[in-house]
Amino acid sequence: MYNIVVKNSHINSDEFGWKSHHIKVEDSTIHSEYLFLDSSDITVKNLEFVGKYSFQYTENLTVEDSFLDTKDAFWHSKNVVVRNCLVKGEYLGWFSDGLTLINCKIMGTQPLCYCKNLKLINCTMEETDLAFEYSEVEADVKGDILSVKNPKSGKIVADSIGKIIKEGSIMEDTCDIIIQNNSQ
């Protein structure tokens, strides 16, 4: 489908919006699995989403002011911007290219692994462990990250990191990890 507008709606549908293009979602609630699988040119604002495998293989996606409770979100996605959102779930963003999170709260295990061109700007991470494995990342994280594992390249800046794991890597790690001094 093309040119889809979803506004002020409550949707409960497995496999919603697959292989669709030019989509606008506003002020809605969606419960689904594989939401917008292999879809493109999507704008989402004020969405409450609960489900699994959302936004996989999407391209050119913007999500703003939303709550996403989802496992395996944004896998293999390209050119995605997530702004002012709470994103909760395991294995967030694996294999994405061009995923940018701005002013977001990220919750869940093993987020943001195997990513290219990953950016976190003014984000917080809660209960996130084994983050950034083999990712090309530029991250500015306020607060604590439980653990970071073998990031590939770029720079991670955080207030604190419980554990930095650099062992058993199958590729060279050139990522700079910087713990900010929060002393006033």
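These exercises use the structure above, and each is followed by a worked solution.

The model is predicted: local features need pLDDT of at least 70, side-chain atom pairs count only at pLDDT 80 or more, and totals for chains, interfaces and linings use all residues. Residues are numbered from 1 along each chain as its sequence is written, and side-chain values use heavy atoms, with hydrogens and water left out.

**Exercise 1.** Find how many disulfides the structure holds, and explain the result for C85.

*Solution.* 
Step 1. A disulfide is a covalent bond between the sulfur atoms of two cysteines. The test applied is a pair of cysteine sulfur atoms within 2.5 Å.
Step 2. For C85, the closest cysteine sulfur belongs to C104 and is 5.0 Å away, which is too far for a bond.
Step 3. C123 is in no disulfide either; its nearest cysteine sulfur, that of C104, is 4.9 Å away.
Step 4. The structure therefore holds zero disulfides.

**Exercise 2.** Decide whether C123 is buried or exposed, and list what it touches.

*Solution.* 
Step 1. Buried means under 20% relative accessible area, exposed over 50%, and partly exposed in between (1.4 Å probe, protein chains only).
Step 2. C123 has 0% relative accessibility, so it counts as buried.
Step 3. A contact means heavy atoms within 4.5 Å. Leaving out residues up to four places away in sequence, C123 touches L101, I102, N103, C104, I106, D140, V141 and K142.

**Exercise 3.** Work out which residues the side chain of D159 reaches.

*Solution.* 
Step 1. The D159 side chain reaches the backbone nitrogen of G143 at 2.6 Å.
Step 2. A polar contact (N or O atoms within 3.5 Å; within protein, one able to donate a hydrogen and the other to accept it, and residues adjacent in sequence counting only if both atoms are side-chain atoms) of 2.9 Å joins the side chains of D159 and Q180.

**Exercise 4.** Trace the salt bridges of E26 with K7 and K24.

*Solution.* 
Step 1. K7 pairs with E26, the closest N and O atoms being 3.8 Å apart.
Step 2. K24 also meets E26 in a salt bridge, at 3.3 Å from N to O.
Step 3. E26 is buried at 19% relative accessible area, whereas K7 is partly exposed at 47% and K24 is partly exposed at 40%.

How values were computed:
A salt bridge is a side-chain nitrogen of Lys or Arg within 4 Å of a carboxyl oxygen of Asp or Glu.
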